[in-house]
Amino acid sequence: PVLSIVLFLAITLSAACASKPAPAASDSRAPALWGELKPVVTVKQLMDDLIDPASDFIFNAVGTVISDKGVVETEPKTDDDWAKVRVGAVTMAEGIYLLKIPRPIAPPGDLNNSVGPDASELTPDQIKAKIEADTVLWNAKIEALRNINLQVLEIVKRKDAKELSEAGEILDQACESCHLEYW
């Protein structure tokens, strides 16, 4: 009996110490994170402080302004101009994924423009309830925003202002679609 127990312990310990095989290349599970993600700001603050300013690098890169001084066309021309567009697209493509981390919708006491009979926005609690009721839709909106920014990164490589203008319109639609649903 002692030999059986020693043999059992040896087998158990060797199995426990053996390294686990790496997942197969076809394994569709997402890789484990390298650490815990802890949000610093609310959804509203993330949008105000990171996502919206980054979008300006894309939205303001191409356009036409008509004034009493005439027509002024804007488009990226220099490497620095294109680098700014790239910064916007990278920041948005990566930053938008931060919305997948559960976090408060708005700072405490901030009710958005949700008070009164002509309230134009949902309350933070209403927004949170909508997200929690359909996380698939929330994630689909996030993926749509990420995908258009990945396209912008490809456009930057080609330095195609016409494509950038078209992508900016798609980005605007993706942003508005999310805002109409949740804000």
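Modeller: Let me begin with H6: the cover over its buried residues includes H2, H3, H4 and H5. Keep in mind that this is a predicted model.

Colleague: Okay, which residues of H6 are buried?
Modeller: They are Ala161, Leu164, Ala167, Gly168, Leu171, Ala174, Cys175, Cys178 and Tyr182. Looking down the axis of H6, you find them within an arc of 130°, so they line one face of the helix.

Colleague: Why would residues some places apart end up pointing the same way?
Modeller: An α-helix has 3.6 residues a turn, so residues three or four places apart point the same way.

Colleague: And which residues are exposed on the other side of H6?
Modeller: Lys162, Gln173 and Leu180 are exposed there.

Colleague: How far apart are the end C-alpha atoms of H6?
Modeller: They are 31 Å apart, which agrees with the 32 Å that its 22 residues should span at 1.5 Å a residue.

Colleague: What happens at the start of H6?
Modeller: A side-chain oxygen of Asp160 comes to within 3.0 Å of the backbone nitrogen of Lys162. Lys159 sits in the loop between H5 and H6. Its phi is near 55°, a positive value in a residue other than glycine. Lys159 is partly exposed, with a relative accessible area of 42%.

Colleague: Zooming out, how many helices and strands does the chain have?
Modeller: Six helices and two strands. Along the sequence they follow the pattern α-α-β-β-α-α-α-α.

Colleague: What share of the chain is buried?
Modeller: Buried residues are 26% of the 183 residues. As for the accessible surface, the chain has about 12700 Å², and 60% of that belongs to carbon and sulfur atoms.

Colleague: What about the largest nonpolar core? How many residues has it?
Modeller: It has 30 residues, and those with the most contacts inside it are Ile58, Val85, Leu99, Val152, Leu164 and Leu171. H2, H3, H4, H5 and H6 each supply at least two residues of this core. H5 gives the most, with eight residues.

Colleague: Let's pick Leu99. What is Leu99 in contact with?
Modeller: If we leave aside neighbours within four places in sequence, Leu99 is in contact with Val43, Leu46, Met47, Trp138 and Ile142.

Colleague: Do a loop residue next. Where is Thr42?
Modeller: Thr42 is in the loop between H1 and H2. Thr42 is buried, with a relative accessible area of 6%. Again leaving aside neighbours within four places, its contacts are Arg103, Pro104, Ile105, Ala106 and Pro107.

Colleague: What share of contacts between residues at least 6 apart in sequence join residues at least 24 apart?
Modeller: That share is 70%. For a pair of residues to look at, Asp56 and Gly88 are 32 residues apart in sequence and 7.3 Å apart in space, C-alpha to C-alpha.

Colleague: Last one: where does Asp56 lie?
Modeller: Asp56 lies in H2, which runs over residues 43–59. Asp56 is partly exposed, with a relative accessible area of 33%.

Definitions and conventions
Residues numbered from 1 in each chain as written. Predicted model: local features only at pLDDT ≥ 70, side-chain atom pairs only at ≥ 80, totals over all residues. Heavy atoms only, no water. Helix = DSSP H or I, 4+ residues; strand = E, 2+ residues; numbered from the N terminus. Buried < 20%, exposed > 50% of the residue type's maximum accessible area, 1.4 Å probe, protein only. Core = buried A, V, L, I, M, F, W, Y, C linked by side-chain atoms within 4.5 Å. Contact = heavy atoms within 4.5 Å. Areas by Shrake-Rupley, 256 points an atom, 1.4 Å probe, with all protein chains shown as cover. Expected span 1.5 Å × (residues − 1). Arc of directions from axis to C-beta. Polar contact = N/O pair within 3.5 Å; in protein donor to acceptor, adjacent residues only side chain to side chain.
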